[in-house]
Amino acid sequence: MEAPKTSKKNKNQFIRFLLYLGARFDLQEGKEDELETIEYVRKNVEFKGANLWILIFAIFVASVGLNVNSTAVIIGAMLISPLMGPIMGIGMAAGINDFDLLKRSLRNLGVAVFISILTSSIYFTFTPLDNAQSELLARTEPTIWDVLIALFGGLAGIIAGSRKEKSNAIPGVAIATALMPPLCTAGYGLATMNPYYFLGAFYLFFINSVFISLSTYVIVRFMKYPKKEFMDHKQEKRVQTYITIFTILTIVPSVYLAYGIVVRSIWEEQAKTFVQNEIVYPKTQVLSSEFFYNSDPRLIKINLIGEVLPDENIESLKEKARINGFENTELQINQSGSRGTDMNVLRSDILKDLYERNEMLIQNKDEKIAILEAEVANYSQVRALGNEIAQEAKINHPSLRKFTLNRSMVSNLETNTTDTLLVAYAEFANKPTSTDTNKLLNWLKLRTKSDTVALILH
C-alpha cells in the first residue's frame, strides 16, 4: 500500500514543478494590452520628419565608424538608428492580417534602405580613407551566427515591445543584429563599384530583416494577438490570401538561403579543423589557408612554409581529405621552394598574411611615422645645437673642459606619465661657483629656448 502513495506523491510534486515552470515562463505576465502594442509598433513604422533625419545622421556616424574601424562608434550609430520599426511592423502586419500596415511597413523600409545606401555612398565617395577595414569586411558575407542572432534577437525585441514597462531590449536587438552596418557596407560597395561588397552586405541585411520579421510574426501568432476584422468577408479572405502569399514568398527563399549559409559554415569549420589537425609537421608550418565553398569544385587552398613536403605526403593529405568527407573538394597546397609553385602568388599570400596579422599595429602608421620623424629631427637638431653651444659656453666659461647636450625621457612615477627633458652635462677644470652655475643654467635656457634644462656638473 505504501508504493501507490509514494507514486502519487511524486506525481503531484512533478505537476507542481511543471506549474511552477509554467508560471515562470508565462508571457502573459506583465503584458501590455494587445492594441497598445500594435499601436506602439505602428507608430515606429513611419520614416519622415525627425525619424528620417535621425536615420541619415546615424548612417553618417556608422559610415565613419566603419571607415576608421571603430567598434564603439558603430555601436553608438546603431543605438541612434530607428531601422527596427518597419521590420517589426512587417512581422506584426503578417501576424494580425493587417494589409495596410504591411504596405506601410514595406514602403517605409524601402525608403529607409534607399536613404541609407544613398547616404553611405555619398560619404564613401568623398572620404579620403578608401581602404576596406576589418569592421567593414565583416559585413560582406552572412554566416550561420548572423541568422541565429537575427532570429533570437527578433524574439527578444517583440517580447520586450509587448511589455507594459519598455526595456532597453529593442536598442540591444538593433546592436546585436547589426542592421545598419550592412547598409553602410552596401553603400561602400556602390561608391567603390564593388558588386561583391554591395550584394554580400545587402544579402546580410535581407537575412537579418526577414528573420526579425519572422520572429515577430511567430510571437504575435503565439500570443494570439487580435487579427484585423473586416466588414466584407470577401475582402478579409483576399487580404489573408495576400498576406499568406507574401509570407511564403519571403520565408521560403530565406529559409533556403539560411540553409545554404548553415551548410557553408559547417563545411568551412570542418575544413579549418582538417587543416589544424592533419597538416602538422615538425619543420613545415601552415602560413595561411583559404576556403572557397562556392567554387566548383570546392577549394581548400593552403600555403606552407619551411621544409618542402614530398609528393607522397601531399597525396596522403589528399586521401585523408577524401576520407574526412571532402570528396568534391580540391586540396591545393603551395610550398615555398617547390617546383610548380607560383612564387609570385605565394609571395603575395605571404605579404597579405603579414599585413592582416599586423593590421591593427599599422592602422595609424602615417601618424606614427610622422611622430618618429619629428623626434629624429628634434634629436638631430639638439645634437647639432650641442656642438655650437659647447663652443659658446667655452668662451663664457674658460675652465669648461667637457660639455654635451641631449634630450632624455623622464618618467613621472606619481602621475605615471613620460616627458622629454633637455639635459646638459658640464665638466670643469675647477669647481664653478654657484654664481657661475646659475649663469650657465640661465644662459642655456635662453640659448635653447627651453623652460627647463637639467644641468649636471662634474
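Reply:

The model is predicted, so local features are reported only at pLDDT of at least 70 and side-chain atom pairs only at pLDDT 80 or more, while totals for chains, interfaces and linings use all residues. Residues are numbered from 1 along each chain as its sequence is written, and side-chain values use heavy atoms, with hydrogens and water left out.

Strand β5 comprises residues 417-428 and is joined to β4 by twelve bridges, the two running antiparallel. Strands here are DSSP runs of E with at least two residues, and helices are runs of H or I with at least four, both numbered from the N terminus. Together, three strands build an open sheet of mixed pairing, ordered β4-β5-β6; two strands count as paired if DSSP finds at least two bridges between them. Its edges are formed by β4 (400-412) and β6 (453-457), each of which pairs on one side only. From one strand to the next, the twist averages 25°.

Helix α17, residues 434-448, lies across β4, β5 and β6 and runs at about 140° to β6. Angles are taken between N-to-C directions on a scale from 0 to 180 degrees, using axes fitted to C-alpha atoms, for helices over the stretch in contact. Contact means heavy atoms within 4.5 Å.

Leaving aside residues up to four places away in sequence, T437 touches P432, L455 and L457.

Strand β2, residues 298-306, runs parallel to β3 and is joined to it by seven bridges. Within β3, E330 stands opposite L299.

Helices also pack on one another elsewhere in the chain. The axes of α3 (residues 50-68) and α4 (residues 71-80) come within 8 Å and cross at roughly 165°. The pair is therefore roughly antiparallel, a term for angles over 145 degrees. Their contact involves I54, A58, V61, A62, G65 and L66 from α3, and V73, I74, A77 and I80 from α4. These residues comprise nine nonpolar, one polar and no charged. Nonpolar covers Ala, Val, Leu, Ile, Met, Phe, Trp, Tyr, Cys and Pro; charged covers Asp, Glu, Lys and Arg; the others, Gly among them, are polar.

Helices α6 (residues 99-126) and α11 (residues 195-222) cross at roughly 145°, their axes coming within 13 Å. Here L109, V113 and I117 of α6 meet F198, F202 and F205 of α11. That contact has six nonpolar residues, no polar and no charged ones.

Over the protein chain as a whole, there are 17 helices and six strands, and 38% of the 458 residues are buried. Of the contacts between residues at least 6 apart in sequence, 73% join residues at least 24 apart.

Key
Angles under 35 degrees count as roughly parallel, over 145 as roughly antiparallel, 65 to 115 as roughly perpendicular and the rest as oblique. Buried means under 20% relative accessible area, exposed over 50%, partly exposed in between (1.4 Å probe, protein chains only).
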